[in-house]
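Here are a few friendly notes to read alongside the model. Please keep the structure open as you go through the points.

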Amino acid sequence: MLPRELRIGMNADMDVYGECAAQLGEEATTDDFLRCFSSQLSSPAFGVDPFSREVLLVFAAALVFLMQSGFAMVCAGAIRKKNMQNSMLKNLLDACGAAVSFFVVGYAFAFGGAASGSTETTFVGNTGFFLQGVDDYAFFSYNSAFAAATVTIVAGTLAERCQMTAYFGYSVLLAGWVWPIIVRAVWSNEGFLSAFHVDPLWGVGMVDFAGGGVVHVCGGLTALYAAIILGPRRGRFHDDEGLPLDEPKKIVGHSMALQMLGTFILWFGWIGFNVGPVLTAPGDILTRAGLVMVNTTLSGGIAGITGLFFNLWLLERRTGEPIFDLQYAMNGSLAGLVAITAGAGLVEPWAAFVIGFIAGILYTIGSYLLLYFKIDDAVDAVPVHLFNGVWGLIAVGCFAVPDHLEVFYGRSDHPGWFYSVREGDSNGRLMGVQLVGFLFIVGWVTFIMFPFFIFLNWAGWLRADPLDEIVGLDLSYHEGLALVQTHADNAGDVDDKHIQEYKERRASRANIKVNSAELMTGLASGEMDDEKSH
């Protein structure tokens, strides 16, 4: 937790010049005095350290929020032009819905009432609604950006076929209730899984440095359930008659450049995502930020290379024709960034290299598994976030360094299994708690989100109308009848028959509305005439 009070400014009772003169002596040079002044003025006694943490945490929150644009660009490039405006609005609703719901109830459920040093274990917070009594706004902003990132993981998976109402509803529920409960359990000092608890589970607690499980497993699992219940896009696995295709039809996005731009934006934002927790931890540990940066970069880099060449090898073995598929390089890098998130500040660079290498392979296998089970994920969010979020939690159980655990969590009795074996022990407590935490996240998300999507589907609020899906959600949700032909010309993949059918349906709806309005006007007029006659 960040300090709640900032001590800004110079203490008038302290004579900086006198302090430095006493330390340096008469032989000191001007450069010596300048270095001494800098050291004195940046010490916690002058409040600069708390102030710096506050400002840096806000900056980290801004980087995490910038990831919203990265997700938006990846999604925009991976879908067809006829659905782009609709997809962009949904990405905006992620940020809007998450900000409001986390402000109203989410932060209170996650951190409300968790007093420092508390020995209690609670399931949900009960204070801090609407941020009443909360003054640590930087900490709120950082976690609010995390909530929005969790929600937007699902956006690309549901692209091109999900209704607006369902999308906004799930965004509010996930950011306001489902995700905060997971945060409470793992990151609050009163959570039953938390490593920050006075008496953590099995003496170690679940270690999730920056949200490999809290954010990525939660968002990825929600995306998987939504994709299964929503069903694939038209033509992805079946023809127009509903018969299964011999090979899945690849639906090509309209801009690989946008996908690449989004990937780089996400990578840039991930710096704030992974380095930010360094600023929220107690003690003088700002120098650890460099380690987090190195691990993040290494894991993302090697995973991108691994994803590219592992897929090339698979294609060569299957078809005899090796192809450098840019998608597997981009998503492989993102998979590596996801995998290192849970242990970014807790492992050594060599371990980050191993984690990223395995992440690239896991992503590629996961992408092909989705095709095998006929699950349509437009941006491969499930193999990127779910599969590698799980791997990241396991990797912490394998490679967490005792010294790093001591710095961030104040205990190092139960390090990663690799270090335990090296010392002649077989301590697997950390690995066990990691698996328990994973099972809790799976159970909680399944308990809430799976029935929620089933209900939306049963009520007819989840999947878009088939004709709307064919002509494009931009036309059906965002453009009027007068712009139908313009939309068809711009979309490029909508035939004239479906455009004509859509025109007739929109015209029919307009006539029904006009006739209904005339009928209601006539009824009202008749009632007035009756009153006058009486």
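1. Which residue forms a salt bridge with Arg184? The partner is Glu190, with the closest N and O atoms 3.2 Å apart; a salt bridge here is a side-chain nitrogen of Lys or Arg within 4 Å of a carboxyl oxygen of Asp or Glu. Arg184 and Glu190 are both buried, where buried means under 20% relative accessible area, exposed over 50% and partly exposed in between, with a 1.4 Å probe and protein chains only.

2. A word on the basis: this is a predicted model, in which local features need pLDDT of at least 70 and side-chain atom pairs count only at pLDDT 80 or more, while totals for chains, interfaces and linings use all residues. Residues are numbered from 1 along each chain as its sequence is written, and side-chain values use heavy atoms, leaving out hydrogens and water.

3. The whole structure holds eight salt bridges. One of them joins Glu160 to Arg80, with 3.1 Å between the closest N and O atoms. Glu160 sits in the loop between helix H5 (137-152) and H6, and Arg80 in the loop between helix H3 (48-78) and helix H4 (84-111), so the pair ties together parts 80 residues apart in sequence. Helices are DSSP runs (H or I, at least four residues), numbered from the N terminus.

4. Arg233 pairs with Asp376 in a salt bridge, the closest N and O atoms being 2.8 Å apart. Because Arg233 lies in the loop between H7 and helix H8 (256-280) and Asp376 in the loop between H11 and helix H12 (381-399), this pair ties together parts 143 residues apart in sequence. Arg233 and Asp376 are both buried. Please also look at the network of salt bridges that links Arg80, Glu160, Arg233, Arg236 and Asp376.

5. Asp208, in the loop between H6 and H7, deserves a look too. Asp208 is buried yet has no salt bridge, and the nearest side chain of opposite charge, Arg411, is 15 Å away; Lys and Arg count as positive, Asp and Glu as negative, with His and the chain ends not counted. Beyond residues up to four places away in sequence, Asp208 touches several residues, including Trp187, Leu393 and Tyr409, contact meaning heavy atoms within 4.5 Å.

6. Leu193 is placed in the loop between helix H6 (164-186) and helix H7 (212-230). With a relative accessible area of 0%, Leu193 is buried. Its contacts, leaving aside neighbours within four places in sequence, include Leu201, Val436 and Phe440.

Conventions
Helix = DSSP H or I, 4+ residues; strand = E, 2+ residues; numbered from the N terminus.
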